[in-house]
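Dear colleague,

Please find the structure below, handed over for your use.

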Amino acid sequence: MSSNDGYLMLATFLVPLGAAVLLMLTPSRERSAIIAITALASFAMFVIAVYLFVSYDFNGPQFQGVKAWTWMENAGVLGERGIQLKVGMDGIAAPMVLLTGIVIMPGTWVSWKLHHRTKDFFILLFLLVAGVFGTFVMLDLFFFFLLYETAVLPMYLLIAVWGSTRKEYGAMKLMMMLVAASILIFTAIFAIFTEAGLGTFDLPTLFAAEFDPRMQKIFFPMIAIGCGTLGGMFPFHAWSPDGHAAAPTAVSMLHAGVLMKLGAFGIIRLGFQILPEGAEFWAPALVLVGITAALYGAISALRQVDLKLMTGFSSVSHMGYVFLGLGTLNVIGMTGAVLQMFAHGIMTALFFLLIGGMYDQAHNRDIPNFSGMAKQMPVWAIFFILAGLASLGLPGLSGFVAELHIFVGVFRSYPVVGGLAVLTAAITATYLLRMFAAAFFGDFNPRWSHLREITWAERAGATVLAGSILTLGLWPAPWVDRISTTLAQTIPGVAL
Amino acid sequence: MGMEQVVLLPAIPAAIFVVLALFSPLLPRRGDWLAVVGMAVVVVLALAVAFHFQDFFGHGEFDPSGENARAFEWLNLSNGLFQIDLSTYVDAITVVMLLVVSIVALMVMIYSVGYMRGEARYGWYFGALSFFTASMLLLVTAGNLMVLYFAWEAVGLASFLLIGFYWERRSAAEAAKKAFITTRIGDVGLLIGIILLWREAGTFDIQQIIEFAEGGGFDQRYLTVAMLFLFMGAVGKSAQFPLHVWLPDAMEGPTPVSALIHAATMVVAGVYLVARMLPVFDVVLVARDVVLYTGLITAFMAATMGLVASDIKRVLAYSTVSQLGFMFVALGLGSPTAAMFHLFTHAFFKALLFLGSGSVIHATHQQEIEQLGGLWRKQPLTTWTFVIGSLALAGVIPLAGFWSKDEILHAANHNLPVFVTLAVTAGLTAIYTTRLVLLTFFGEPRNHHAYEHAHESPPIMTLPLLVLAALAAVAGFVIYEGVGQALGFAGGIGQLIFAHEPEVFHFDRDLATFALAVSLGGIGIGLVYWWGTAERATRARGWAPELHALLVNRYYFDDLYQSLINYVVLGAGSVIAVFDKRVVNETGVDGGAQTVGWFGLRLKFLQTGRIPNYALAMAGGIVTLSLVAFYTS
């Protein structure tokens, strides 16, 4: 990857920002212009993301495509060495950028059928995506946090205005919990900045800096809880199922698919990479939290009636695997954690896309109300079953690759926990299979004979996501190579 | 065909699956011919592999790590720290499995052309069958436990899809779900076992793990635990006690599917796995004993349930479970040859019996044996081939089942309790088989509508019956060297089966006579009770109604599991869901928000809007802070 690719990293968040500005200038009655702008912008993001992922050379240096633009020469109290807009990717950011690109394109497509304030919706959605891309490629702590918050804030309006099912409550709860969590992150960032005493927010410099072990032990949990809340970490997950249930389709897709990964990504960037000794100290706690979340989410999902709530709890369970993998502190388990971030992202985006495609027509998501839906909407059901099989860890699909690494990593350090983690996969199979049998199979309930097959936009989006699920499942080497090389290089104390 | 190309065997049906899944509506006859022709090619290639393998073997050039093992790196994390190769491995066990899978699959596909004609989703049916066959062929050629697990789950998925083929029917949907979840519980164990083996041996390669175990690399207790977990997978997939409950329900699938997946091939994957890993089981004999007694309990229990089942396919399903138990007993006794031999013969006669029952169902649209009877007049070919299969199952000389069952009894010769249980079970087998044949094909028709409707099946269905009947009759002779040599196999096919213990097979006249007496005795009892109007059998029910109820209710296992799911699993779900709602959400999150609101409500009265109040508060603050500063500095 050449350093000119830094311009493309800049483009990942300038494209959606530019598109948002362009949309602001477009009159909202010009629907076709809005669709054209969003189509182009989302396609550009997709292409750039794929290119950046492919061109990241895992045999090369850790950070590639590094480019910096000075914003302030000397920020005084905030650093004598100034603040830079500095972009660059390592092998952890690369799959996350790819994930964002893969999810935003179908997310845009399925949102075209919105008729309520379409333009405003896309402005906020693209603002959110700009924040997500920016956080992933940013190598300066100041902008990292700025964009992290940019990604979170539009969520409130997106849910409160375009949502469903207790949307004001869901939006408020999500916002309050995430803002409270941000205070923890903010505090920890200042502690890191002050303690380093280098007068800079430059992340690679901070990665190399030495920190007092006691300080690390105090501030790692702040990062872990602060970012973990966004990652749906038990017991700070309460916003997640309600938030997902309330959010409109594309927002659920981006939120569960990408935004929650931002939380886990924050733990790796700020926690593991800056405060490795703190991470090492608290890793057993992450394992405990991870396995608890995995079981807790899966068992709760058994009893959910609302499809979106079931998927929400399923996300809590699957994100539990991420924390579990991170807590293993060995390169296999941690690789699994990052793989799981990617795998869960595409799979859950597909789930929400499909649920949305049905809910828009039926205005109902309660599993017992449906029966034999595979007759009325076969394409929908096939995609849904594929996503479900990925979720329950069927080999050949994305989820298995990630879970296998996590299981193996956990077994190296904690065999009993490993056994419980594998058992969770069986519980996942139970709630998904029960749902399939109840809703898709059996006699068709004629109450739903007015439902149509999902739209072509939805089918195209589902195809992109399903293709990604199969690609990772059948050919995981490109992901594994990038992630594991970076993890081995970057995190001191990671056991091989 | 050399060993290098063995990867083609799964690749051909896999490619056909992709074509059929995407394009079958566009193809003439929705592409059934593609699946059949592809399968025929696979049979030819499998035979070529067998001949080639014989050449090797005959000339003593057999080298497990040489030409017959091929690997392609799929995943390699940190220079081999965690590496998965897509590797193939061919040995005698593989060759036997390749022959069984490909031949039965071809017969079933040909048969299905007739049986499934006019079905909706006809093309999808052949696609799913091809997917299954590809996965099964991959499973038996895998040289690596991870690839095996991959294929293991894939055959499970195929089984799920095909059991649920008639998914509009609620019972089929439930059966598919039950099969998937039950086998999945076993698979949890399998995956744990594989990871535990990897954890110490550092590889997924089966041969390397075996070498590592034989070299004493594992701690005994550790290895016992790992092998027991691994065995859980076999228990689930091969429907052994206590995970046997899914197989009888799996009969909701189309009958040819039952013949291929739930009788001849997929359900023997567990036997194959244990046979493949038997050198490791030999290191920890406790684990091998678990295999033995699991098989023994299953064989007996399933045979008793087969005595009272009233659905023609369910009788056969119990019989399959019971025969799989026999194979596990053989493995537990340390005789992979007897197990593989029985697997080989059982595949043919059980597939024959299922396809025969399919022919009956096709003709009468009736599967309850109480509603059948007298069909021999209407369906002579089906009847007589079915009788051949039944006699093979009952173990009558000279049919295939006799020879292989004799081998298992021979292996149990030194263990009296096991031997007696097996002999009793063999007797029960003969009884329920006779009952099934008599009630279905002989006596007077009990449902005249079904009987009038009945007709012999078309040639495309009876041809596979004839081929399988021939195999069921003669497959046992492969143990004689001359037979194999006449077919062109240097050492006889028996040499494949007996590759590991070439000297084992001895025809023991006394034992064989005893086994034959047991079979004929069972058949005699069956004839006495069920001949004609089966009055005696009806009366016999009155002797011990509780026992009859126990068997009819399948020892209440299904009810037990259902209440476990309802009360324990879903109960835990309810408890946690309520905890999440009340404690985490309402107390934790909403409670926190309400506390803030409560304080806001109270504290707002401090906001009086009157300057003197604020000035006072400010003055108080300054004084307090000054005091603090004064005393702390």
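To begin with chain B, this chain holds 27 helices and two strands; helices (H or I, at least four residues) and strands (E, at least two) are DSSP runs, numbered from the N terminus. Please note that this is a predicted model, in which local features need pLDDT of at least 70, side-chain atom pairs count only at pLDDT 80 or more, and totals for chains, interfaces and linings use all residues. Residues are numbered from 1 along each chain as its sequence is written, while chains are lettered from A and ligands numbered from 1 in the order in which they are written.

The C-alpha atoms of chain B fill a box of roughly 115 × 65 × 60 Å along the principal axes. Of the 633 residues in chain B, 55% are buried. A residue is called buried if 20 or more other C-beta atoms lie within 10 Å of its own, exposed if 12 or fewer, and partly exposed in between, with C-beta atoms placed from the backbone. Two residues are in contact if their C-beta atoms, placed from the backbone, lie within 7 Å. Among contacts in chain B between residues at least 6 apart in sequence, 79% join residues at least 24 apart.

Helix H16 of chain B covers residues 380-394. Its 15 residues reach 21 Å from the first C-alpha to the last, close to the 21 Å expected at 1.5 Å a residue; the expected span is 1.5 Å times one less than the number of residues. H16(B) is mostly covered, with eleven of its 15 residues buried, including Phe386(B), Ile388(B) and Leu391(B). These buried residues pack against several helices of chain B, among them H14 (312-332), H15 (336-364) and H20 (459-474).

The loops on either side of H16(B) also deserve a look. In the loop between H15 and H16 of chain B lies His365(B), a residue other than glycine whose phi is positive, near 55°. His365(B) counts as exposed because it has 12 C-beta neighbours inside 10 Å. Just after H16(B), Gly395(B) takes a positive phi of about 90°. A cis peptide bond, with omega about 5°, joins Ile397(B) and Pro398(B), and Pro398(B) lies in the loop between H16 and H17 of chain B.

Elsewhere in chain B, Arg554(B) has a positive phi of about 55° although it is not a glycine. This residue is found in the loop between H25 (545-552) and H26 (557-603). Arg554(B) is buried, because 21 other C-beta atoms lie within 10 Å.

In chain A, a cis peptide bond joins Phe234(A) and Pro235(A), with omega about 0°. Pro235(A) lies in the loop between H9 (213-230) and H10 (239-246) of chain A.

Where the two chains meet, 43 residues of chain A are in contact with 40 residues of chain B. On the chain A side, H18(A) provides the largest share, eleven residues. The residues of that side divide into 28 nonpolar, nine polar and six charged; Ala, Val, Leu, Ile, Met, Phe, Trp, Tyr, Cys and Pro count as nonpolar, Asp, Glu, Lys and Arg as charged, and the others, Gly among them, as polar.

Finally, the largest nonpolar core has 421 residues. Such a core is a set of buried Ala, Val, Leu, Ile, Met, Phe, Trp, Tyr and Cys residues joined through C-beta atoms within 7 Å. Val97(A), Leu350(A) and Ala472(B) are among those with the most contacts inside it. Not counting residues up to four places away in sequence, Ala472(B) touches residues including Phe348(B), Ile388(B) and Ala392(B).

With kind regards
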